[in-house]
Amino acid sequence: MNKILKLVTGLLVMSILMVSCMSFDEMNTDPTRLNKANPGTFLNPVLYGMAAYNWNRYNSYTFDLMQCRVSTSSTNGLGWYYVSDGAGDGTWNNYYKWLNNIREIEDRAIELNEPNYQAVAIVLRSWIYQILTDAFGNIPMSEASQGEEGVFTPKFDTQQEIYRKIIDDLAEANTLFDESKGLKYNQDGELLYKTNNSQIDGIKNWKKFCNSLRLRVLLRVLS
């Protein structure tokens with residue numbers, strides 16, 4: 001009986017020691033999911049999120065301000081130019097949210113040496129900042145999207161500084177595009193130009209978008 005008790009006690013001690021040596025991080029890792037996202041996983045959510053919000057904003061805000069639709073049952077709507085102090089909050093919050101995701105695209109693209117994804121990220125980032133500064137003037141840019149680095153109150157850059165930075169960034173993006181390759185992590189194609197690993201013509205369209213956007217911002221500076 002004593003031998004059996006000692007054997008059971010020994011087995012329990014060995015089990016406890018083995019469990020204590022195991023990494024709980026390893027135990028709690030889901031083997032069916034990726035541990036790190038690639039740049040393609042962020043791209044379509046950004047494209048869809050921006051398109052959906054912009055359409056909603058146009059339909060419920062710009063449409064009325066441009067007098068395309070005016071309510072006759074009230075004089076407090078946007079069609080009557082009754083604009084609340086928080087009218088731009090949604091634009092600000094949504095655009096900066098997607099800028100965080102775009103930063104992840106760029107970081108992962110650099111890490112994986114995927115210049116097309118890096119260029120696409122720069123184009124999308126520049127496009128959003130152009131809309132933001134057109135709407136609000138001076139905005140955070142150089143210190144924006146750095147919450148993980150502890151920058152919770154980023155400084156405001158001037159509109160002129162932002163336009164010039166966008167122009168320089170788009171010039172860089174133009175040199176990064178590789179028209180001989182597609183976007184390898186978007187096997188079903190991204191939502192804007194349907195670019196995937198084999199359908200590479202979309203990269204030419206992304207490059208046209210890049211240069212057209214740069215021309216738009218140059219006109220802002222020259223005007």
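From the N terminus on, the elements of the chain run α-α-α-α-α-α-α, which amounts to 7 helices and 0 strands, where helices (H or I, at least four residues) and strands (E, at least two) are DSSP runs numbered from the N terminus. This is a predicted model, in which local features need pLDDT of at least 70 and side-chain atom pairs count only at pLDDT 80 or more, while totals for chains, interfaces and linings use all residues. Residues are numbered from 1 along each chain as its sequence is written, and side-chain values use heavy atoms, with hydrogens and water left out.

**Chain totals**

- Of the 223 residues in the chain, 33% are buried, a term that stands for under 20% relative accessible area, with exposed meaning over 50% and partly exposed in between (1.4 Å probe, protein chains only).
- Among contacts between residues at least 6 apart in sequence, 64% join residues at least 24 apart, contact being defined as heavy atoms within 4.5 Å.

**Packing of α5 and α6**

- Helix α5 (residues 115-136) packs with helix α6 (residues 159-176) at an angle of about 160°, and their axes are 9 Å apart; axes are lines fitted to C-alpha atoms, for helices over the stretch in contact, and angles run from 0 to 180 degrees between N-to-C directions.
- The two helices α5 and α6 are therefore roughly antiparallel to each other, a class that covers angles over 145 degrees, whereas under 35 counts as roughly parallel, 65 to 115 as roughly perpendicular and the rest as oblique.
- The residues that make the contact include P115, N116, Q118, A119 and I122 of α5, and on the α6 side I162, I166, L170, A173 and L176 are among them.
- By class, the contact of α5 with α6 has 11 nonpolar, 6 polar and 5 charged residues, with Ala, Val, Leu, Ile, Met, Phe, Trp, Tyr, Cys and Pro counted as nonpolar, Asp, Glu, Lys and Arg as charged, and the others, Gly among them, as polar.

**L176 in α6**

- L176 lies in helix α6 and, leaving aside its neighbours within four places in sequence, is in contact with P115, N116, Q118, A119 and I122.
- The C-alpha atoms of L176 and V120 are separated by 9.2 Å, although these residues are 56 apart along the chain.

**N38 in a loop**

- N38 is found in the loop between α2 (24-27) and α3 (39-65), and N38 is buried, with a relative accessible area of 14%.
- The N38 side chain reaches the backbone nitrogen of G40 at 2.9 Å.
- Not counting residues up to four places away in sequence, N38 touches R108, L112 and Y185.

Note on methods. A polar contact is a pair of N or O atoms within 3.5 Å; within protein, one must be able to donate a hydrogen and the other to accept it, and residues adjacent in sequence count only if both atoms are side-chain atoms.
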